[in-house]
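Here is a short report on one protein model and its ligand. Look over the sequence and structure first, then read on.

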Amino acid sequence: MIDLADARERMIDRQVARRGLRDSRLLVALRQTPRELFVPEGLREFAYDDTPLPIEAGQTISQPYIVALMIDAARVQPGDRALEVGTGSGYAAAVLARLAAEVHTIERHADLAQTARARLARLGLANVETHVGDGSGGWIAAAPYDVILVAAGGPAAPQALKDQLDLGGRLVMPVGEHAGEQRLVRITRTAANHFEEDDLGGVVFVPLIGEHGWSEGEVQARRVGEPRSFRPAAPVKSTPALIAQAAEPLPDLDDPAFGVLFDRFAGARVVLLGEASHGTSEFYRARAAITRRLVEAHGFSIVAVEADWPDAASLDRRARGRPARPEAEPPFQRFPTWMWRNREVEAFTAWLTAWNAERPMDRRTGFYGLDLYNLSASLRAVLDYLDEVDREAAAVARERYGCLTPWAREPQAYGRMARTTGYARCEAGVVKTLTEMLQRQLDGAVQDGDDLLDATANARLVKNAEAYYRAMYYGAADSWNLRDTHMFETLTALLDARGPDAKAVVWAHNSHIGDASRTEMGLSRGELNIGQLCRERFGPEAALVGFGTNTGTVACASDWDGPLEIKRVRPGLPDSYERAAHDSGVRRGLLDLREGRHPDLRYRLLEPKLERFIGVIYRPETERWSHYSACSLPQQFDAYVWFDETRAVTSTAAAAGSGEEETYPFGL
Ligand code: SAH
């Protein structure tokens with residue numbers, strides 16, 4: 001007796017995966033669907049053969065590969081509503097039901113429909129409805145559909161079916177003048193009256209019989225042959241090949257054409273520009289070039305960055321020509337100094353100053369810090385406190401703060417924290433120190449116009465401060481959420497303050513701007529971020545742009561508060577987006593990931609892969625756990641900017657004692 005479970009696995013591997021259909025959701029759906037239940041009793045041992053099989057009413061159950069190919073071509077996504085024309089055995093409907101939210105399937109033979117309905121119910125698939133009738137005109141009652149699959153061949157794609165596609169919807173069906181020799185086509189509705197067509201290769205299906213298909217008479221006259229099994233002529237394109245095809249070449253970073261490429265986002269209220277590390281020159285320079293274009297040509301007047309509010313304010317005073325505070329200490333004195341004290345930021349703020357100098361105050365572009373909370377000063381205060389009272393706990397804290405990020409999972413660091421009894425004992429002292437420090441800061445805050453913007457956010461912080469500090473001390477998700485909510489509130493306060501037409505560019509790490517609700521961060525750990533909050537608030541008027549690299553050098557530290565080091569970035573791991581982008585051969589390119597741009601690529605990239613996050617800390621030795629997290633790139637970002645090889649930022653803080661601090665950022 002043949003082991004059907006084993007045969008199913010072999011079918012998935014040999015007939016589907018090895019032919020290039022590797023989407024894991026599709027493979028799982030095939031694994032969950034016992035095909036032997038959909039063939040006549042006597043044919044069960046052939047259920048996983050690479051061929052269509054005869055079923056009742058003279059019809060056929062499609063070859064497994066064809067079912068997989070059609071579903072893959074239709075890019076079925078969670079949440080989709082799908083229609084299948086030609087239920088037959090019900091097998092394809094069952095697979096579809098595992099992938100889409102709602103499936104309607106229609107069959108002209110009532111007895112086939114009835115058997116299929118019973119099978120689907122037996123498998124507990126409550127999201128499928130089986131209808132009886134002529135499906136060549138669709139099933140209007142549940143339209144519009146994201147996906148329509150037609151399992152029988154007609155002379156052409158019926159207009160009635162195309163009309164029942166939602167915007168962006170995909171219709172996959174065999175068409176051909178001569179029934180028996182058909183092409184599998186995919187029709188995508190790109191606009192109300194616009195459809196795009198792709199040819200997926202030659203196939204043989206049973207005829208679509210009905211008002212918008214063939215008539216019974218025609219079918220008799222043409223004596224349509226039996227469907228034969230189908231072998232793909234050319235393998236399905238690999239992910240790197242799809243990336244290479246879709247990537248738009250990036251001009252030189254100093255070429256004005258670089259920024260122009262991003263004009264597609266000029267209509268947004270908020271353009272969020274990410275980075276895959278806090279110490280990569282290309283990311284800063286690319287963001288500067290894009291921002292410059294958005295300011296010069298499209299009226300963006302706010303540049304809001306992942307930096308402490310008071311430090312950024314000091315740069316803003318220069319950039320907008322506001323009077324400096326004589327008593328203020330030079331900005332960005334604390335770890336990680338290289339993040340904002342580097343040649344790349346200098347060049348950008350120098351340009352901004354020159355741009356503003358030509359304009360009246362109310363038309364100048366401001367430079368703001370979103371992290372008004374002063375995170376690094378707080379961490380510094382914790383370390384100072386612990387150095388005094390418990391040096392062992394201080395060492396643990398230094399290591400812990402290195403992975404105060406939503407992506408790092410470093411079990412060994414957690415372990416050491418648990419073993420250090422002093423760590424927990426110090427909690428009360430730490431929270432007290434921080435609360436006092438915050439109070440001092442607030443008391444000392446000068447209430448000039450711009451600083452008033454802080455007032456509401458500050459009040460909220462004081463209220464939550466204790467919980468925040470405790471969460472921060474232990475590195476919990478709550479501290480991340482409070483911080484990102486805070487950044488978002490600061491951003492919206494800035495937009496409100498600059499009027500209803502104000503538009504902002506945000507510079508923050510990919511982990512802050514890539515929609516967290518669509519990644520492991522949000523799905524399994526309840527973490528949110530500023531990108532997600534912007535999407536929720538501004539919808540399509542928020543543009544989320546991620547950045548990535550394969551290898552090169554990066555400015556970073558090994559532990560929180562540690563010295564600046566230039567480390568080599570390891571090449572992307574197998575099964576990462578970085579590896580796929582590297583394998584595409586694209587040295588530098590822009591991937592537009594918005595729906596409808598490069599649908600095949602978008603669909604392929606939807607399936608979660610590893611993505612690398614390097615913050616101020618980079619620990620190549622534990623890279624997989626410290627820096628990689630599973631994400632769905634096209635759900636996180638509207639676009640992805642790729643530099644295959646990158647180099648470290650040039651820190652201007654390194655030359656301490658050279659007098660550079662006093663003249664930062666313009667002294668050279
Ligand atoms: N998806 C099926 C394959 C069925 S073969 C499976 O997985 O088993 C195609 C089916 O389309 C046949 O059962 C045929 O009866 C049905 N069919 C043909 N023309 C149709 C029409 N106009 N409306 C509904 N079903 C139709």
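## Contacts and backbone features

Pro240 is in contact with Ala580, Asp583 and Ser584, once its neighbours within four places in sequence are set aside. The model is a predicted one. Pro240 belongs to helix 8, which covers residues 239-246. Along the chain, Pro240 and His582 are 342 residues apart, yet their C-alpha atoms are separated by 7.8 Å.

**The ligand site**

| Residue | Protein atom | Ligand atom | Distance |
|---|---|---|---|
| Arg108 | polar backbone atom | nitrogen | 3.2 Å |
| Gly135 | polar backbone atom | nitrogen | 2.8 Å |
| Ile209 | backbone N or O | nitrogen | 2.7 Å |

How much of the ligand does the protein bury? Taken alone, the ligand exposes 570 Å², and the protein buries 99% of that area.

**A helix pair**

Turn to helix 1 (residues 4-16) and helix 2 (residues 24-31). They pack at an angle of about 145°. Their axes are 9 Å apart. The crossing is right-handed. Which residues meet there? Helix 1 brings Arg8, Glu9, Ile12 and Val16, and helix 2 brings Leu27, Leu30 and Arg31. By class, this contact has 4 nonpolar and 3 charged residues, with no polar ones.

**Backbone exceptions**

Most peptide bonds are trans, and most residues other than glycine have a negative phi. Some places in this model depart from that pattern.

Ala143 and Pro144 are joined by a cis peptide bond, with omega of about 5°. Pro144 sits in the loop between strand 5 (128-132) and strand 6 (145-150).

A cis bond also runs from Phe335 to Pro336, where omega is near -5°. Pro336 is in the loop between helix 11 (309-319) and helix 12 (343-357).

Phe332 lies in the loop between helix 11 and helix 12 as well.

Terms used:
Residues are numbered from 1 along each chain as its sequence is written. This is a predicted model: local features need pLDDT of at least 70, side-chain atom pairs count only at pLDDT 80 or more; totals for chains, interfaces and linings use all residues. Side-chain values use heavy atoms; hydrogens and water are left out. A polar contact is a pair of N or O atoms within 3.5 Å; within protein, one must be able to donate a hydrogen and the other to accept it, and residues adjacent in sequence count only if both atoms are side-chain atoms. Accessible areas come from the Shrake-Rupley method with a 1.4 Å probe; for residues, only the protein chains shown count as cover. Axes are lines fitted to C-alpha atoms, for helices over the stretch in contact, and angles run from 0 to 180 degrees between N-to-C directions. Helices (H or I, at least four residues) and strands (E, at least two) are DSSP runs, numbered from the N terminus. A crossing is left-handed if the near helix is turned anticlockwise from the far one by less than a right angle, and right-handed if clockwise. Contact means heavy atoms within 4.5 Å. Ala, Val, Leu, Ile, Met, Phe, Trp, Tyr, Cys and Pro count as nonpolar, Asp, Glu, Lys and Arg as charged, and the others, Gly among them, as polar.
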